[in-house]
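Subject: Structure handover

Hello,

Please find the structure below, with the sequence alongside. My notes on what was found in it follow.

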Protein chains: 2
Amino acid sequence: MQEYPELCEEHHVHPDLLAHMKLEMPDESSLYDLAELFKVFGDSTRIRILYVLFESELCVCDIAELLGMSQSAISHQLRVLKQARLVRARREGKTVFYFLADDHVRTIIGQGMEHITE
Amino acid sequence: MQEYPELCEEHHVHPDLLAHMKLEMPDESSLYDLAELFKVFGDSTRIRILYVLFESELCVCDIAELLGMSQSAISHQLRVLKQARLVRARREGKTVFYFLADDHVRTIIGQGMEHITE
DNA sequence: ATTATATATGAACAGATGATCATATGTTAG
DNA sequence: CTAACATATGATCATCTGTTCATATATAAT
């Protein structure tokens, strides 16, 4: 990564505060992971999957039918959601049921919805 | 968009619940906007910009220097953040100061951070 | 074992994304 | 007006992403 030292002729905030910001900044890998997490929310198909799972666990084929999409497309996206630990799965015979992993999903989507509707 | 009716031989949840889910689902444009919003969070450069703005408003050059990136790159990303109404700007002479638009940013990033660190 | 159903996965391709570079715009000082 | 500084923007390009299609795996029934 290139460095760009002293871009400004003079700073507009105290150097102490700039130093503090650098210290308070989470480490690079956390920031990367955080961006990766939000990328997962950044697709309307995955958002829609999470929304239907708000109500109840569902099997892959029911999700596909609800969203009017192919089984394959949904399965690929469920894998992404699972890797991000936003959903979990349990198998029952041939069927695999997916469900929300925790409540952060609801909070994050709820806050996002608040933001766009204000 | 293609339709995939009756993918399952038989449903695993009550048809009534499936119908309810379709009703509860936000309209297509809200879901699209929501995904667009999270896409904005889904980039580590933009996350880092939001993080430094947690502390104080900052001019473009100070942000660029803090993050070790070019003025142009930061300016492009600030535009994305501004279009998503996550940051706002005020001009003071030659300098433009950017600051967080509201508190949803903090909540969303906070919840995201909780999720990845648990 | 064979067949059918449910789900998962790899390859491929079109479309989106983010940094860079060059340049334009806006503002102030001289 | 002109020069200098701060910021914004358009074009380009390499990379990433999401769907489709074909196929593989897993489970159950006959």
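A search of the whole structure, which is a predicted model, turns up seven aromatic pairs over all chains. One of them is formed by A:Phe38 and B:Phe38: the ring centres are 6.5 Å apart and the planes are at 0 degrees, so this pair is stacked. A:Phe38 belongs to helix α2 (residues 28–41) of chain A and B:Phe38 to helix α2 (residues 28–41) of chain B, so the pair joins two chains. A:Phe38 has 0% relative accessibility and therefore counts as buried. For B:Phe38 the relative accessibility is also 0%, so that residue counts as buried too.

A:Tyr51 and A:Phe54 make an aromatic pair of the tilted kind, with 5.0 Å from centre to centre and 40 degrees between the planes. Both residues sit in helix α3 (residues 44–55) of chain A, three residues apart, which is about one turn of the helix. A:Tyr51 counts as buried because its relative accessibility is 15%, where the limit for buried is under 20%.

The phenylalanines also group together: A:Phe38, A:Phe41, B:Phe38 and B:Phe41 form one aromatic cluster.

Next, charges over rings. A:Arg106 lies over the face of A:Phe54, at 5.1 Å from the ring centre. In chain B, the charged end of B:Arg106 sits over the ring of B:Phe54, and the distance to the ring centre is 5.1 Å.

A:Cys59 counts as buried, because its relative accessibility is 1%. In chain B, the cysteine sulfur closest to that of B:Cys59 belongs to B:Cys61; the distance is 3.2 Å, which is too far for a bond, as a disulfide needs the sulfur atoms within 2.5 Å. B:Cys59 is buried, with a relative accessible area of 1%.

B:Cys59 and B:Cys61 come up again in the lining of the largest pocket. This pocket has a volume of about 280 Å³. From chain A, the lining takes A:Leu7, A:Cys8, A:Glu9, A:Glu10 and A:His12. From chain B, it takes B:Cys59, B:Val60, B:Cys61, B:Gln71, B:Lys94, B:Thr95 and B:Val96. Two elements of chain B, α4 (60–67) and β3 (95–100), each supply at least two residues of this lining. Sorted by class, the lining has six nonpolar, three polar and three charged residues.

The last item concerns the backbone. A:Arg85 is not a glycine, yet has a positive phi of about 55 degrees. The residue is placed in the loop between α5 (71–83) and β2 (87–92) of chain A. With a relative accessible area of 39%, A:Arg85 is partly exposed. B:Arg85, likewise a residue other than glycine, has a positive phi near 55 degrees. B:Arg85 is found in the loop between α5 (71–83) and β2 (87–92) of chain B, and at 37% relative accessibility this residue counts as partly exposed.

Regards

Definitions and conventions
Residues numbered from 1 in each chain as written. Chains lettered and ligands numbered in written order. Predicted model: local features only at pLDDT ≥ 70, side-chain atom pairs only at ≥ 80, totals over all residues. Heavy atoms only, no water. 1 Å grid on protein atoms, 1.4 Å probe; cavity = no way out; pocket = protein on both sides within 12 Å on 5 of 7 lines; lining within 4 Å. Points joined across faces, edges and corners; volume = space filled by probe spheres on them. Helix = DSSP H or I, 4+ residues; strand = E, 2+ residues; numbered from the N terminus. Nonpolar A, V, L, I, M, F, W, Y, C, P; charged D, E, K, R; others polar. Phe/Tyr/Trp six-rings, centres within 6.5 Å; stacked < 30°, edge-to-face > 60°. Buried < 20%, exposed > 50% of the residue type's maximum accessible area, 1.4 Å probe, protein only. Lys NZ or Arg CZ within 6 Å of the ring centre and 35° of its normal.
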